[in-house]
Amino acid sequence: MDRIPDVLSDELIERMTEDRARGWVNPYRCDDADALRREDRPADRASIWRPAFVRDVEKILHTPAYNRYAGKTQVFSFRSNDDLSRRGLHVQLVARIARDIGYALGLNCDLIEAIGLGHDLGHTPFGHAGERCLNDVFHEHTGRWFFHNVHSVRVLDVLYGRNLTLQTLDGALTHNGEYEQRVFELSGLKDFDEFDRTVEACYRDGEMAVGHLRPMTLEGCVVRISDIIAYVGRDRQDAIAAGLLDEDAFEDGLGGAYNSWILSHASADIIEHSYGRDRIEMSEELFSEIRRAKAENYKKIYRASGIEGESAEVLSRAFYLMYERCLADLRARDESSYIFKHHIARIERHLEHYGRTYDWASDPDQTVVDYIASMSDGYFAELATKLFPQIRFPRRTYINER
């Protein structure tokens with residue numbers, strides 16, 4: 001850790017200063033003129049005051065799924081400490097960190113913001129534990145795989161028909177912060193046909209496809225590494241705030257201060273190693289440190305203190321029962337059920353604005369996934385308790401006794 005500086009070198013600062021003075025433009029940035037959409041809608045065309053990727057940001061912010069971020073778990077599901085991070089704060093942190101790095105590198109910060117704010121829209125209730133539960137039952141029924149990053153594309157591109165740019169959708173698809181890399185090179189993706197084949201491969205082949213995803217833009221690469229930077233330190237702060245771990249529980253001895261350490265050191269390191277290049281890169285030292293910190297988080301937080309350690313069996317059972325009940329309601333075409341009233345009817349109203357329809361009947365399993373993934377933690381828990389009285393979730397606690 002001592003070998004990773006938290007400031008830029010004098011040489012790079014001098015180079016950046018000279019570049020800005022002469023109006024240098026990063027030749028590898030994604031320009032607004034490069035934006036690609038599925039449909040050439042007049043209302044979506046860029047203007048001098050609302051460039052292409054600014055429009056994407058606004059489309060994302062006004063999507064109902066964005067509002068539900070506030071009710072979705074980041075790590076800790078049944079602790080109602082108001083200082084603990086929710087998914088809504090996480091995406092803002094990712095966007096902010098990525099914009100800082102992107103600005104220094106001369107990248108398109110509007111595209112970065114769009115990817116950062118939209119990348120987790122497909123996330124389930126109860127974080128990655130919920131994602132695993134939903135994947136298990138979906139795969140059992142269909143042989144297909146559920147990943148939140150793949151579903152984020154479906155939310156924006158299909159369920160709400162927002163006609164986002166290929167670059168933003170690609171960034172959401174390829175953001176997955178579970179797969180760290182030292183060097184991020186571009187995929188070479190050029191069009192929607194290839195993108196759609198990639199998305200389908202993720203449903204069909206699971207980890208074999210998802211684990212090999214690469215962004216098509218440097219902006220997407222910056223968001224991907226910023227995703228890791230945003231959670232690896234913040235999750236430690238939350239574990240300490242929740243009373244699950246003490247400040248001295250981590251090997252580096254920094255406790256909650258590790259969040260500040262990784263933000264400054266990782267940003268400086270990435271800028272130092274990526275400026276003016278056609279890739280996003282970090283030092284071997286930073287890469288090793290990020291892998292070490294993530295591994296420690298998994299050992300001491302995610303597998304010990306998060307939802308997995310508290311009520312994994314209850315959650316898995318609840319997801320299974322919810323899935324089966326919703327699927328049965330669809331097959332019976334019971335329009336009094338919640339999946340019709342709270343999901344299908346609402347999606348159809350949104351799509352009607354764009355002259356589109358929700359083809360929910362042709363793939364009932366996918367429709368069930370659409371509904372369950374859209375739920376906030378509180379909605380899921382209340383509905384599960386209402387439909388299945390035998391399910392008992394842990395009592396939500398506000399008071400930390402430690």
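Me: Which residue forms a salt bridge with glutamate 58, and how far apart are the closest N and O atoms?
Reply: Arginine 50, with the closest N and O atoms 2.5 Å apart. A salt bridge here is a side-chain nitrogen of Lys or Arg within 4 Å of a carboxyl oxygen of Asp or Glu.

Me: What should I know about the model and its numbering?
Reply: This is a predicted model: local features need pLDDT of at least 70, side-chain atom pairs count only at pLDDT 80 or more, and totals for chains, interfaces and linings use all residues. Residues are numbered from 1 along each chain as its sequence is written, and side-chain values use heavy atoms, with hydrogens and water left out.

Me: How many salt bridges does the structure hold?
Reply: It holds 35.

Me: Which residue does lysine 294 pair with?
Reply: Glutamate 180, with the closest N and O atoms 2.8 Å apart. That pair links distant parts of the chain, 114 residues apart. Lysine 294 is in helix H13 (residues 284-302), and glutamate 180 is in the loop between helix H8 (166-173) and strand S1 (183-184). Helices (H or I, at least four residues) and strands (E, at least two) are DSSP runs, numbered from the N terminus.

Me: And how covered are those two?
Reply: Lysine 294 is buried at 6% relative accessible area. Glutamate 180 is partly exposed at 22%.

Me: What about arginine 234 and aspartate 238, where do they sit?
Reply: Both are in helix H11 (residues 218-241). They are four residues apart, so about one helical turn separates them. Arginine 234 is partly exposed at 22%, whereas aspartate 238 is buried at 3%.

Me: New topic. Where is threonine 367?
Reply: In helix H16 (residues 364-374). Threonine 367 is buried, with a relative accessible area of 1%.

Me: What does threonine 367 touch?
Reply: Leu330, Ile339, His343, Ile344, Tyr358 and Trp360, not counting residues up to four places away in sequence. Contact means heavy atoms within 4.5 Å.

Me: And how far is threonine 367 from leucine 159?
Reply: They are 10.0 Å apart in space, C-alpha to C-alpha, and 208 residues apart in sequence.

Methods
Buried < 20%, exposed > 50% of the residue type's maximum accessible area, 1.4 Å probe, protein only.
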